[in-house]
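Let's read a structure together, one feature at a time.

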Amino acid sequence: MSKLVIVESPAKAKTIRKYLGDGYEVAASMGHIRDLPASQLGVDVEHDYAPQYINIKGKEKIIKELKSLAKKSDTVYLATDPDREGEAISWHLAHILGLNVEDENRVTFGEITKKGVTEGMAHPRSIDLDLFNAQQARRLLDRLVGYKLSPFLWRKVRRGLSAGRVQSVAVRLIVDREQEIEAFKPEEYWNLDAQLSASGKKFTARLYGTADGKKLEVKSEKEASAIVAALEGCPYVVDKLKLGNRKKVPAPPFITSTLQQEASRRLGFTATRTMRAAQTLYEGVDLAGRGTLGLITYMRTDSLRVSDEAVAGAHSYISSTWGPDYVCSYKRTYKSRSATAAQDAHEAIRPSDPSITPDEAEKSISGDIAKLYRLIWSRFIASQMSDCLQDTVSAQIKAGDYQFRASGYVVTFEGFTALYEEATDEKEKKETSLPPLTEGQELKLRELTPEQKFTQPPARYTEATLIRALEENGIGRPSTYAPIITTIIDRGYVEREQKKLKPTLLGSTINDLMLKEFPNIVDVTFSAEMEKNLDKVESGSADWKKTIDDFYQKFDAELQQAEKDMEGKKVKVPDEETDEICEKCGRRMVIKTGRYGKFLACPGFPECTNTKRLVKDTGGKCPKCGGRMLLRKSAKGRVYYGCENYPNCDFMTWDEPVSQTCEKCGATLFKKGSRLYCAKEGCGYETQVNK
């Protein structure tokens, strides 16, 4: 008998074929094969939102091959990914190949290993229509919003714009944060740090308040100076000691959102880059001595569940590497925040075989997939290790009428921190290591330092913190975070500035218009409720057509009202003014956006038609002619640095100019790895980067 197994990608097909052996043919659909038409709405709003699915252009050859293989096979198994999108692909495959959606021909693989494939093939089921309808409802909702709103924006702002049910909320979060930053008024405050010593060991204590324990806020230099004067000659005495101990518990294994956040913080990966590497690890890689296998479990999941077998494998590795004391004495269980029943059928993201260490894997893999595997493996193994135990000490120190405080800890058992600790976005409060202290002990003051500080505005979102905000607010789902961020950047609504996400003038303008005319679309609570409704469709407790209708009736009313409100009106996106002066008329040039991206233009158009390439001045000077060093991009998008006087001066480099100048000749220094060097001919000066 011949059996056909259809998966999504050729890489996965290659891995699975090896495990299934003779009698099986494995083919790839290359993702979706049917979708709504690109050139029209494709949703019949008058007849129960019936979708008009068509074969995707360019997939004709694949469809023909799959039909031919299915015709020759006794049994066809649909083995697409175990999520909403995968269920939808299987549903469309069933319709194209003439299969009965009620037949038990749907199989899923939580991991692409011998065990995972064997278990999946042993438990075929029928297509989960609730899961498919949840995907279908999301797809139709997004189509209705996108295809109804985008033409409105074209007419009222400019062509080429788009809006989306989830992307518009993401833009709003970024714009709201920018407005908070702009409205922020810094307040002055002062820290007073006493550098003390006991038994010859130095430590730092910070002013807390008055001697009776009342907290004190020092707001000005005058107040700080008065306290310093009042403390002149005062003894510093340990008034009270508080000894204790605490446990640090390891972070749970990754789910999709936490993987994207940690890869951003620790590896500097974008969400798209992370998911690309994770897909490769899941689908399978060639490993020396082991053949082709998937190194991780499925990477689109909200579930924190871990199988007993994986826990046992981790415990075995931990015990043999660090000893039995490092093995968690009970099975850790973590509560999933938002996993639905279907999503909780998956496991957390973990190594498919914990015994395959990153060191072993890196003999066969490299680059992003090696870095990401090390991160996933370390996080999972650490989650099954013992707690980190610490002895803590908190000291209250009395000096005159004031109280200082210092705290510290000593690690008594490192536990999971021997392998891994989670990175954080916030700067953690520093704890100092304290010498042995006793109550009543007099300490030696070495220095009392007042330091002026200012309260800081909230930080701009990074990819990691935006994903966390979307997740915490219940907006989007694991598979949507990466495309959301890519879309809002590609559309020009948001830009990256030193890894921070900043709204553009276009993004702010569109957000203002959406807030005024379509408040529900950009309302965080409304969007989160929509996600819950889609989850209800997935669980079978809500009808997908009614879910769409409840949304569309309100949206359509808003759209019609917006057309009336803005009849004959058009929104102008303000130009971003620069310091670049137009050499023809003396005006300050502005940034415009054209077919090929941003450029500089004179605001005096049409009287003055002067335009220039938009380049960024790095602040450095060319070592050949003294011209400005400008940041440029190659045809492939790679950043390099070139002289403004090109082509008369041909100096260029891939190395970034820095503000530090050469100690020998005063020229701009360039950064290459961990060293700085002078590029001026005949100089040869080099130094290490200051940390």
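## Reading the model by question

Q: Let's start with one residue. Is H92 buried or exposed?
A: H92 is buried: its relative accessible area is 3%, and the cut-off for buried is under 20%. Do keep in mind that this is a predicted model.

Q: Where does H92 sit, and which residues does H92 touch?
A: H92 belongs to helix α3, which covers residues 84-97. Beyond its neighbours within four places in sequence, H92 is in contact with I33, R34, Y53 and F132. With one of these, R34, there is a polar contact between the two side chains, at 3.2 Å.

Q: Thanks! Could we step back to the whole chain? How many helices and strands does the protein chain have?
A: The secondary structure comes to 17 helices and 30 strands. The C-alpha atoms of the chain fill a box of roughly 95 × 80 × 60 Å along the principal axes. Of the 691 residues, 46% are buried.

Q: What share of the contacts join residues at least 24 apart?
A: Taking contacts between residues at least 6 apart in sequence, 66% join residues at least 24 apart.

Q: Now the strands, please. Which strands close into a barrel, and in what order?
A: The general idea comes first: strands of a sheet pair through backbone hydrogen bonds, either parallel or antiparallel. In this model, six strands close into a barrel in the order β8-β9-β14-β13-β10-β15, with antiparallel pairing. From one strand to the next, the twist averages 35°.

Q: How is β8 tied to β15 and β9?
A: β8 pairs with β15 in the antiparallel sense over ten bridges, and D193 stands opposite T449 in β15. Six bridges join β8 to β9, and these two strands also run antiparallel. There, S197 stands opposite K202 in β9.

Q: What happens in the hairpin between β8 and β9?
A: Two residues lie between the strands of that hairpin, and S199 takes a positive phi near 55°.

Q: Why is β8 described as largely enclosed?
A: Because eight of its eleven residues are buried, β8 is largely enclosed by the rest of the structure.

Q: And how does β9 pair with β14?
A: Strand β9 (residues 201-210) pairs with strand β14 (residues 402-413) in the antiparallel sense, over four bridges.

Q: Which strands does helix α7 lie across?
A: Helix α7, residues 221-230, lies across β8, β9, β14 and β15. Its direction is at about 25° to β8.

Q: How should I read the packing of α8 and α9?
A: Two packed helices are described by the angle between their axes and the distance between the axes. Here, helix α8 (residues 256-267) packs against helix α9 (residues 271-283) at an angle of about 115°, with the axes 9 Å apart. The crossing is right-handed.

Q: Which residues of α8 and α9 meet?
A: On the α8 side they are T256, L259, Q260 and A263, and these meet A271, T274, M275 and A278 in α9. By class, this contact has five nonpolar, three polar and no charged residues.

Q: How far is N610 from K71?
A: Their C-alpha atoms are separated by 65 Å, and the two residues are 539 residues apart along the chain.

Definitions and conventions
Residues are numbered from 1 along each chain as its sequence is written. This is a predicted model: local features need pLDDT of at least 70, side-chain atom pairs count only at pLDDT 80 or more; totals for chains, interfaces and linings use all residues. Side-chain values use heavy atoms; hydrogens and water are left out. Two strands pair if DSSP finds at least two bridges between them. Axes are lines fitted to C-alpha atoms, for helices over the stretch in contact, and angles run from 0 to 180 degrees between N-to-C directions. Contact means heavy atoms within 4.5 Å. Buried means under 20% relative accessible area, exposed over 50%, partly exposed in between (1.4 Å probe, protein chains only). A polar contact is a pair of N or O atoms within 3.5 Å; within protein, one must be able to donate a hydrogen and the other to accept it, and residues adjacent in sequence count only if both atoms are side-chain atoms. A crossing is left-handed if the near helix is turned anticlockwise from the far one by less than a right angle, and right-handed if clockwise. Ala, Val, Leu, Ile, Met, Phe, Trp, Tyr, Cys and Pro count as nonpolar, Asp, Glu, Lys and Arg as charged, and the others, Gly among them, as polar.
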